[in-house]
Amino acid sequence: MKKLLYIYNPMSGQRTIGNYLSSIVEYFSKNSYFPTVYATQRADDAREKVKEFAKEYDEILVSGGDGTLDEVVSGVLKAEANSIIGYIPTGSTNDFSRSLKIPSDIKKSSKYAIKGEVMDVDVGQFNSKFFTYVAAFGSIAQVSYETDQSMKNIFGRFAYILEGVKTVSNLKSYKAKIKIDEEIFEGEFIHFMATNSVSVGGFNNFYNKNIGLDDGIFEAVLIKKPKGLIELNQIIDGLRSKKENDNVIFRSGSVFKVESEEKIDWTLDGDFGGSYKKSEVKVLNRAVKMRTGFSKDSKELISNRKKSIDKRI
């Protein structure tokens, strides 16, 4: 039997995971898994437990939101383990599960958690920390996680947040120098984001291209501070149309460096990531193994397997 470490966050989302625990554990046992079950007790608990015990288990399963998933992925990396990570999304946003094609239905996602196809997935490193799918700063990043999902669906992407801004002066900006690989951008920015997900803060398909989970590249969005309502409307139009203009910049890269005269408050996978004057975001290519909802013959997995073969040659 395979040894499975099952970590769940009992406080995640609507706190419904407790209603399914018995059936989930029974399902794993029937499928030749020997599960050890642990309920997180506080912030960073999952990270600490995975770092300590990851090498003792064949696979690690996490139930929770994006923050709990972040802790488990970080723990695996800190432990330098090669454990396969399964995911049952039970948070309020569950951004990265959309990229992995894992359904929000707990019964369905439980099956993918041990039977889903395995994929080598990129993750990010922010200074000395790890994150799963997004590093961001700015008022848009903060508010996006506090916005009702129905309103996001009505207005779409970050444009909804800016629609609610009554005056340009309400937008907090940072005077910064941002370097993406070898390209440099300078100015006052109200938002920066480097991500590897089709959904961020519940906003879907914000970037007008296919996002690869294993290509060593993260997608970036930079938004400069508007000087008036005309430029604010240009930003809204740019985000809705996914087209660049003087205030909205879309780029891709593997290394992102940000320098500012004041400390910038960062968000990592929806949680506070610290305040820094200098920050570096790096893509760690194919750093963790995760079970997904992709079919075996999907283009994503075919490409992933080819990259694994090429790497061994």
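Phe34 counts as exposed because its relative accessibility is 51%, where exposed means over 50% relative accessible area, buried under 20% and partly exposed in between, with a 1.4 Å probe and protein chains only. This is a predicted model, in which local features need pLDDT of at least 70 and side-chain atom pairs count only at pLDDT 80 or more, while totals for chains, interfaces and linings use all residues. Residues are numbered from 1 along each chain as its sequence is written, and side-chain values use heavy atoms, with hydrogens and water left out.

**Surroundings of Phe34**
- Phe34 lies in strand β2; helices (H or I, at least four residues) and strands (E, at least two) are DSSP runs, numbered from the N terminus.
- Leaving aside residues up to four places away in sequence, Phe34 touches Met1, Lys2, Lys3 and Leu4, where a contact means heavy atoms within 4.5 Å.
- Although Phe34 and Met1 are 33 residues apart along the chain, their C-alpha atoms are separated by 6.1 Å.

**The two sides of helix α5**
- In helix α5, which spans residues 106-115, the buried residues include Ile106, Ser109, Ser110, Ala113 and Ile114.
- These residues cover an arc of only 125° around the axis, which puts them on the same side of α5; the arc is that of the directions from the helix axis to the C-beta atoms.
- Lys107, Lys108 and Lys115, on the other side of α5, are exposed.
- The cover over the buried residues of α5 includes α1 (21-30), β2 (33-39), β3 (59-64), β4 (84-89) and β15 (271-291).
- At the N-terminal end, α5 is capped by Asp105, which has a side-chain oxygen 3.2 Å from the backbone nitrogen of Lys107.

**Aromatic rings**
- The count comes to 12 aromatic pairs, under a rule by which rings of Phe, Tyr and Trp (its six-membered ring) pair if their centres lie within 6.5 Å, with planes under 30 degrees apart counted as stacked, over 60 as edge-to-face and the rest as tilted.
- One of the pairs is formed by Tyr6 and Phe28, which are edge-to-face at 5.9 Å centre to centre, with 80° between the planes.
- This pair links distant parts of the chain, since Tyr6 is in strand β1 (residues 2-8) and Phe28 is in helix α1, 22 residues apart.
- Tyr6 and Phe28 are both buried, and Phe28 counts as buried because its relative accessibility is 0%.
- Phe126, Phe137, Tyr174, Phe192, Phe256, Trp266 and Tyr276 are linked into a cluster by ring pairs.
- Lys172 lies over the face of Tyr174, at 5.0 Å from the ring centre, where a charge sits over a ring if NZ of Lys or CZ of Arg is within 6 Å of the ring centre and within 35 degrees of the ring normal.
- Lys3 lies over the face of Tyr57, at 5.1 Å from the ring centre.

- Thr195, found in strand β9 (residues 183-195), counts as buried because its relative accessibility is 0%.
- The side chain of Thr195 reaches the backbone oxygen of Tyr133 at 2.7 Å and the backbone nitrogen of Ser197 at 3.2 Å.

**The whole chain**
- The protein chain has 10 helices and 15 strands, and 52% of its 313 residues count as buried.
- Among contacts in the protein chain with a separation of 6 or more, residues 24 or more positions apart account for 74%.

Terms used: A polar contact is a pair of N or O atoms within 3.5 Å; within protein, one must be able to donate a hydrogen and the other to accept it, and residues adjacent in sequence count only if both atoms are side-chain atoms.
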